[in-house]
Amino acid sequence: QVQLVESGGGLVQPGGSLRLSCAASGDIADIYTMGWYRQAPGKQRELVATITSRGSTNYADSVKDRFTVSRDNAKNTVYLQMNSLKPEDTAVYYCNTELRRLGTPYVNHYWGQGTQVTVSS
């Protein structure tokens, strides 16, 4: 079994900051790309940011220069530091991890349960 446990969401005023965390656990052999997606009401899920096992990052244009994705490989954890938050950042944020489980050659994507981020005054 593999579990992704997210934390750090909440309510914040415009211009504020939040830090999301997502820890992967279970029978994990290797973790590759980790990242964050979000889904606002009535909209499709969209990529926010990803980070490879070597530390290469990719961001959606809408969050560049405001959000920073990082990871701690020893803890199997990915983070999303969100600064200068805007009301349009309001969404459920989902962690996504590409990994291989012990005893199998297959690489699959796993999702966290989602954490609500609300930006409002």
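This is a predicted model: local features need pLDDT of at least 70, side-chain atom pairs count only at pLDDT 80 or more; totals for chains, interfaces and linings use all residues.
Figure 1. The chain has 11 strands and 0 helices. Its radius of gyration is 14 Å, close to the 14 Å from the globule rule, so the chain is as compact as a globular protein of that length. Looking at contacts between residues at least 6 apart in sequence, you will find that 55% join residues at least 24 apart.

**Figure 2. A look into the largest nonpolar core.** This core has 30 residues, and Trp36, Leu80, Met82 and Tyr93 touch the most other members. Several strands each supply at least two residues of the core, among them β1 (2-7), β4 (28-39) and β9 (91-101).

**Figure 3. Leu80 and its contacts.** Which residues is Leu80 in contact with, leaving aside its neighbours within four places in sequence? The list includes Leu18, Leu20, Trp36, Val48, Phe67, Val69 and Tyr93. Arg19, Ala49 and Thr68 are in contact with Leu80 too.

**Figure 4. Asn76, a loop residue with a positive phi.** Most residues other than glycine have a negative phi. Asn76 is not a glycine, yet its phi is positive, at about 50 degrees. You can find Asn76 in the loop between β7 and β8. Because its relative accessibility is 25%, Asn76 counts as partly exposed.

**Figure 5. Ser84, in the loop between β8 and β9.** Here is another residue other than glycine with a positive phi: the value for Ser84 is near 50 degrees. Is Ser84 buried or partly exposed? With 42% relative accessibility, Ser84 counts as partly exposed.

How values were computed. Residues are numbered from 1 along each chain as its sequence is written. Side-chain values use heavy atoms; hydrogens and water are left out. A nonpolar core is a set of buried Ala, Val, Leu, Ile, Met, Phe, Trp, Tyr and Cys residues joined through side-chain atoms within 4.5 Å. Buried means under 20% relative accessible area, exposed over 50%, partly exposed in between (1.4 Å probe, protein chains only). Helices (H or I, at least four residues) and strands (E, at least two) are DSSP runs, numbered from the N terminus. Contact means heavy atoms within 4.5 Å. The radius of gyration is taken over C-alpha atoms; the globule rule is 2.2 Å times the number of residues to the power 0.38.
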